[in-house]
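Student: Could we go through this structure together, beginning with the term we need for exposure?

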Amino acid sequence: MQPATQLLNPDTDKWLEMCAREVIANDDHFNNVIFTDECSVQLNNNKIMKIVIYREKDSVAPVLPKPKHPLKVHVWAGISRRGTTRILIFENIMTAAFYINPILTLGLIPFINRVYPSSHRLQQDNDPKHTANATKAFMTEQNIYWWNVWPAESPHFNPIEMVWSMLKSRLTKKEPKTKEDLINGINSFWREDLTIPICNNFIDHIYKLRSYQ
């Protein structure tokens with residue numbers, strides 16, 4: 001992620017407006033925010049193994065080779081000041097129903113109950129499966145508070161994007177050859193490398209942007 005002064009992105013003004021309104025006014029340090037996102041991890045065998053990580057909703061999708069049997073999985077996860085949610089690795093197409101169960105049911109709710117029993121804020125983007133009526137009804141029923149102040153289509157400002165970058169670096173060094181290697185590498189990264197101090201460093205990075213409003 002580039003420093004704030006180098007961000008040449010139309011979403012920057014939206015971010016700074018949000019900072020002025022929500023962050024500076026309330027001296028918000030994101031202490032109870034759970035930043036979540038999904039990405040796809042693909043292992044391409046094009047003479048050499050190459051790790052490609054991208055978001056299904058990216059406006060400009062990467063041009064990927066099409067191997068006969070692509071080694072590809074999807075990942076959902078979240079980070080916070082107090083650590084990480086469970087990471088969920090899957091191959092299904094994510095629909096609103098799949099997002100409700102198992103993603104929210106197994107990935108988010110146990111983390112909220114265990115780590116943020118008093119109060120929390122869920123940061124997620126405006127993807128249709130996140131905003132579907134069934135999803136919103138489920139979140140209301142389960143007392144999941146969606147902190148819906150984030151500028152639309154602004155992935156650059158979500159600290160979990162830095163997590164995906166770190167994941168790509170770690171997987172590239174491990175040089176996985178099979179889908180099992182890929183999944184084991186993702187789980188190992190989440191369990192061993194993504195510590196609470198690192199999560200806080202990523203969150204602190206976006207907090208610094210408030211000084212540029």
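Tutor: A residue is called buried under 20% relative accessible area, exposed over 50%, and partly exposed in between. Lys179, with a relative accessible area of 24%, is therefore partly exposed. Please keep in mind that this is a predicted model.

Student: What share of the residues counts as buried overall?

Tutor: The protein chain has 213 residues, and 49% of them count as buried.

Student: How many helices and strands are there?

Tutor: The protein chain contains seven helices and six strands. Read from the N terminus, the order of elements is α-β-β-β-β-β-α-β-α-α-α-α-α.

Student: And what part of the contacts comes from residues 24 or more positions apart?

Tutor: Such pairs make up 70% of the contacts in the protein chain that have a separation of 6 or more.

Student: Back to Lys179. Which residue forms a salt bridge with Lys179?

Tutor: The partner is Glu91, and the closest N and O atoms of the pair are 3.2 Å apart.

Student: How many salt bridges does the count come to?

Tutor: The count is six salt bridges. One of them pairs Asp127 with Lys129, where the closest N and O atoms are 2.9 Å apart.

Student: Are Asp127 and Lys129 buried or exposed?

Tutor: Asp127 is buried, and Lys129 is buried as well.

Student: What about Asp193 and Arg170?

Tutor: Their side chains form a salt bridge, at 3.3 Å from N to O. This pair also links distant parts of the chain, since Asp193 is in helix H6 and Arg170 in helix H5 (residues 160-174), 23 residues apart. Asp193 has a relative accessible area of 23% and is therefore partly exposed. Arg170 also counts as partly exposed, because its relative accessibility is 28%.

Student: Now the helices. At what angle do H5 and H6 pack?

Tutor: The angle is about 125°, and the axes are 10 Å apart. H5 and H6 are therefore oblique to each other. Their crossing is right-handed.

Student: Which residues make that contact?

Tutor: H5 contributes Val163, Met166, Leu167, Arg170, Leu171 and Lys174, and H6 contributes Leu182, Gly185, Ile186, Ser188, Phe189, Trp190 and Asp193. Sorted by class, the contact of H5 with H6 has eight nonpolar, two polar and three charged residues. Arg170 and Asp193 are both on this list, and they are the pair whose side chains meet in a salt bridge.

Student: Let us switch to H2 and H4. How far apart are their axes?

Tutor: The axes of helix H2 (residues 96-115) and helix H4 (residues 133-141) are 9 Å apart, and the helices pack at an angle of about 25°.

Student: Why are H2 and H4 described as roughly parallel?

Tutor: Angles under 35 degrees count as roughly parallel. At about 25°, H2 and H4 therefore fall into that class. The crossing of H2 and H4 is right-handed.

Student: Which residues meet there, and of what class are they?

Tutor: From H2, Ala96, Tyr99, Ile100, Leu104, Thr105 and Ile109 meet Ala134, Thr135, Phe138 and Met139 of H4. By class, this contact has eight nonpolar, two polar and no charged residues.

How values were computed
Residues are numbered from 1 along each chain as its sequence is written. This is a predicted model: local features need pLDDT of at least 70, side-chain atom pairs count only at pLDDT 80 or more; totals for chains, interfaces and linings use all residues. Side-chain values use heavy atoms; hydrogens and water are left out. Axes are lines fitted to C-alpha atoms, for helices over the stretch in contact, and angles run from 0 to 180 degrees between N-to-C directions. Helices (H or I, at least four residues) and strands (E, at least two) are DSSP runs, numbered from the N terminus. Angles under 35 degrees count as roughly parallel, over 145 as roughly antiparallel, 65 to 115 as roughly perpendicular and the rest as oblique. A crossing is left-handed if the near helix is turned anticlockwise from the far one by less than a right angle, and right-handed if clockwise. Contact means heavy atoms within 4.5 Å. Ala, Val, Leu, Ile, Met, Phe, Trp, Tyr, Cys and Pro count as nonpolar, Asp, Glu, Lys and Arg as charged, and the others, Gly among them, as polar. A salt bridge is a side-chain nitrogen of Lys or Arg within 4 Å of a carboxyl oxygen of Asp or Glu. Buried means under 20% relative accessible area, exposed over 50%, partly exposed in between (1.4 Å probe, protein chains only).
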